[in-house]
Amino acid sequence: MSTNLINENHRYLRTCILYEVLQKIPIFDSYRSFCDAMGKDAMEYRDFEFWYYRFYHGNRTLLRSMNHTIKAVVDSIPIGFGIIQISVSDTSMSWWLDKKYFSCCKKDNGCTFVRSDSPKVERSEECYMKRSLKYLNPLFKIPNLQVDHFSLDFDDEMPDCDDLFPVPLNAKSVYIDGDEEHKVVHFLSAMTPGYLKSISLDILFEDEEESYGMIFKNEQFKQAKSVSFSPRMEFNMAELEHFSHLKRFKCLMWTENPLEDIKRIRDTVSTFKELESCELECRDGFDNSLIADFAEGLGEQIPIGPLAEGEQLSITHRYQIPESNDCLEFKIKETTVKRGYRCLVNIVRVR
């Protein structure tokens, strides 16, 4: 097909731009290559930039509707990021797409928008949240979009953005930090179950029993391989059974009877067929020292003698899993906190 014929068909020109985007070629190099192939008069840079970023952010409807061949090619090529990070407050919304930074900030009569690859400050009469979603919604609509790690943090004054994800997001790992448990679970539910392997949550729960129930019933949690909960989230011994499908997990456990509960932890965790390792930060209601009770419960002795500077009181215990060649290795260390003590219980399966 001749260059003149291509120039007369805007859809073919846009297909050429789409090709540059899919090859992940930087915009300036893309425009230079485009002009070399199509001619310097084929399209002005500002028009090229418009279509380049439109395709980059996922608006490929026109081209996908051209014919089944282009649709198949576009939808089958995964577009991926290493990291997508979003931070939302009552005055701004910022996000990172790998190393590129974008931000919308609230102003008296609308908002401003800035990006790391341009010195320009764009002004709009729209609400900063609405303006941000105009950029992000098309991104999350991209067919076969994939991300290694997705991170979202928001405060309790965040405006409603429940429609942030128009379709499930293919994220391998996710970190969500927020004070409203229903919103955290809502955003967690926007990840593709099964594709999501690792979950990290930081939530301040008002009703722990109800909130933990929402997480345990969540399909993303059920199909995850690794889960980490912040120390703001405290679990009791009865809830430990919900971790049985995981390869790795980390959480804070509350104990009423440390002498018996350490044996309960051992007997429960030893039944977890998939377990590779876990880390439990244990405390009682008064942050008392627990390590003596833990040692007695496991039949181990507390080391005698003074500790070296910086050394922590610790014990090691091995437990042979019944009817298995594997064993569990416990490494328990006592640490000090502001109000008293905690015990870090690290358990590793040894095959």
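This is a predicted model: local features need pLDDT of at least 70, side-chain atom pairs count only at pLDDT 80 or more; totals for chains, interfaces and linings use all residues.

Residues are numbered from 1 along each chain as its sequence is written, and side-chain values use heavy atoms, with hydrogens and water left out.

The secondary structure of the protein chain comes to 12 helices and 15 strands, where helices (H or I, at least four residues) and strands (E, at least two) are DSSP runs numbered from the N terminus. Of the 351 residues in the protein chain, 45% count as buried; buried means under 20% relative accessible area, exposed over 50%, and partly exposed in between, with a 1.4 Å probe and protein chains only. Among the contacts in the protein chain with a separation of 6 or more, 56% are made by residues 24 or more positions apart, a contact being heavy atoms within 4.5 Å.

In soluble globular proteins, nonpolar side chains tend to be buried together. Here the largest nonpolar core has 99 residues, and those with the most contacts inside it are Ile 86, Phe 140 and Phe 150; such a core is a set of buried Ala, Val, Leu, Ile, Met, Phe, Trp, Tyr and Cys residues joined through side-chain atoms within 4.5 Å. Helix α7 (residues 128-140) gives the most to this core, with 7 residues. Not counting residues up to four places away in sequence, the residues that Ile 86 touches include Leu 136, Phe 140, Phe 150 and Leu 164.

Why can helix α7 be called largely enclosed by the rest of the structure? The reason is that 10 of its 13 residues are buried, among them Tyr 128, Arg 131, Leu 136 and Phe 140. The end C-alpha atoms of α7 are 18 Å apart, which agrees with the 18 Å that its 13 residues should span at 1.5 Å a residue, the expected span being 1.5 Å times one less than the number of residues.

A polar atom of the Asn 137 side chain lies 3.2 Å from the backbone oxygen of Asp 163. Leaving aside neighbours within four places in sequence, Asn 137 is in contact with Asp 163, Leu 164 and Pro 166.

The structure also holds 25 aromatic pairs, in which rings of Phe, Tyr and Trp (its six-membered ring) have centres within 6.5 Å, with planes under 30 degrees apart counted as stacked, over 60 as edge-to-face and the rest as tilted. Phe 34 and Phe 48 form a tilted pair, 5.2 Å centre to centre and with 50° between the planes. Because Phe 34 lies in helix α3 (residues 27-38) and Phe 48 in helix α4 (residues 45-56), this pair ties together parts that are 14 residues apart in sequence. Both Phe 34 and Phe 48 are buried.

Tyr 212 and Phe 216 form another tilted pair, 6.4 Å centre to centre and with 50° between the planes. Both of these residues lie in helix α9 (residues 208-216), 4 residues apart, about one turn of the helix. Tyr 212 counts as buried at 1% relative accessibility, and Phe 216 counts as buried at 11%.

Two loop residues complete the tour. Most residues other than glycine have a negative phi, and most peptide bonds are trans. Asp 287, in the loop between β12 and α12, has a positive phi near 55°, and Glu 323, in the loop between β13 and β14, has a positive phi of about 55° although it is not a glycine. Is each of them buried or exposed? Asp 287 counts as buried at 4% relative accessibility, whereas Glu 323 counts as exposed at 87%.

Technical notes:
A polar contact is a pair of N or O atoms within 3.5 Å; within protein, one must be able to donate a hydrogen and the other to accept it, and residues adjacent in sequence count only if both atoms are side-chain atoms.
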